[in-house]
Amino acid sequence: MDDIHRLIRAIDFAAAKHRNQRRKDEEASPYINHPIALTQVLKVEAGVSDIDVLAAALLHDTIEDTETTAEELQREFGPRIAGIVAEVSDDTSLPKVERKRLQVEHAATLSREAKLVKLADKICNLRDMLDAPPAKWDLARRKEYFEWAKEVVDNLRGTHPRLEALFDLAYAGKP
Ligand code: NDP
Ligand code: ZN
């Protein structure tokens, strides 16, 4: 399978898996916009060309937010892409507060590829938190989210200066 073929299959797979999901913004945007936004940040804004990282970005929420398993991703996309997605997936059996704490703790131990996806995810979520925030989230909760995202990113710095600068730019808009 060549690179473009693999990337198209990742878009198609993610779109199918997230087809019935919406983001938390007022308009309830289609969920797939978010994984696509990550690839835009990685490739277009930061120049990341590793096709497995771009494919993993497209698939990054499939294990956490759909019934997709790591084994299924491994079968469809091979061990490298499946491994990156597994690394950036929370253990959904844990309580939310514990999951947040573990993201901060584990950020430093991620592979470089997973750190790139994690950085893009946090950039996109901060931008969304400013431009199209979750309906019903008050100011305090949005601020808390910015602070938590920064704690995660502070533990993986030294990975990609351009992406980290894009994160800092988004963070500077903290409400
Ligand atoms: P989350 O922190 O899980 O919600 C944020 C996540 O939602 C993002 O990381 C993103 O994840 C996704 N998302 C979807 N739509 C948007 C959007 N438009 N903008 C930004 N992000 C979006 O919230 P939970 O409701 O699960 O609560 C988790 C934590 O919040 C708890 O641990 C608790 O501490 C805290 N909390 C605070 C309250 C308060 O009033 N201060 C009240 C209740 C909880 P992804 O990229 O994976 O889609
Ligand atoms: Zn995400």
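**Reading salt bridges**

Mentor: Let's start with glutamate 45, which counts as partly exposed at 24% relative accessibility.

Trainee: What do buried, exposed and partly exposed mean?

Mentor: Buried is under 20% relative accessible area, exposed is over 50%, and partly exposed is in between (1.4 Å probe, protein chains only). This is a predicted model, where local features need pLDDT of at least 70, side-chain atom pairs count only at pLDDT 80 or more, and totals for chains, interfaces and linings use all residues. Residues are numbered from 1 along each chain as its sequence is written, chains are lettered from A and ligands numbered from 1 in the order in which they are written, and side-chain values use heavy atoms, leaving out hydrogens and water.

Trainee: Which residue forms a salt bridge with glutamate 45?

Mentor: Side chains of opposite charge can pair when their charged atoms come close. We call it a salt bridge when a side-chain nitrogen of Lys or Arg is within 4 Å of a carboxyl oxygen of Asp or Glu. Here, glutamate 45 pairs with arginine 127, their closest N and O atoms being 2.7 Å apart. Arginine 127 is in helix α8 (residues 112–131) and glutamate 45 in helix α2 (residues 33–45), so the pair ties together parts 82 residues apart in sequence. Helices are DSSP runs (H or I, at least four residues), numbered from the N terminus.

Trainee: Are arginine 99 and glutamate 64 buried or exposed?

Mentor: Both are buried, and their side chains meet in a salt bridge (3.7 Å, N to O).

Trainee: How many salt bridges are there by this rule?

Mentor: The count comes to 18.

Note on methods: Helix = DSSP H or I, 4+ residues; strand = E, 2+ residues; numbered from the N terminus.
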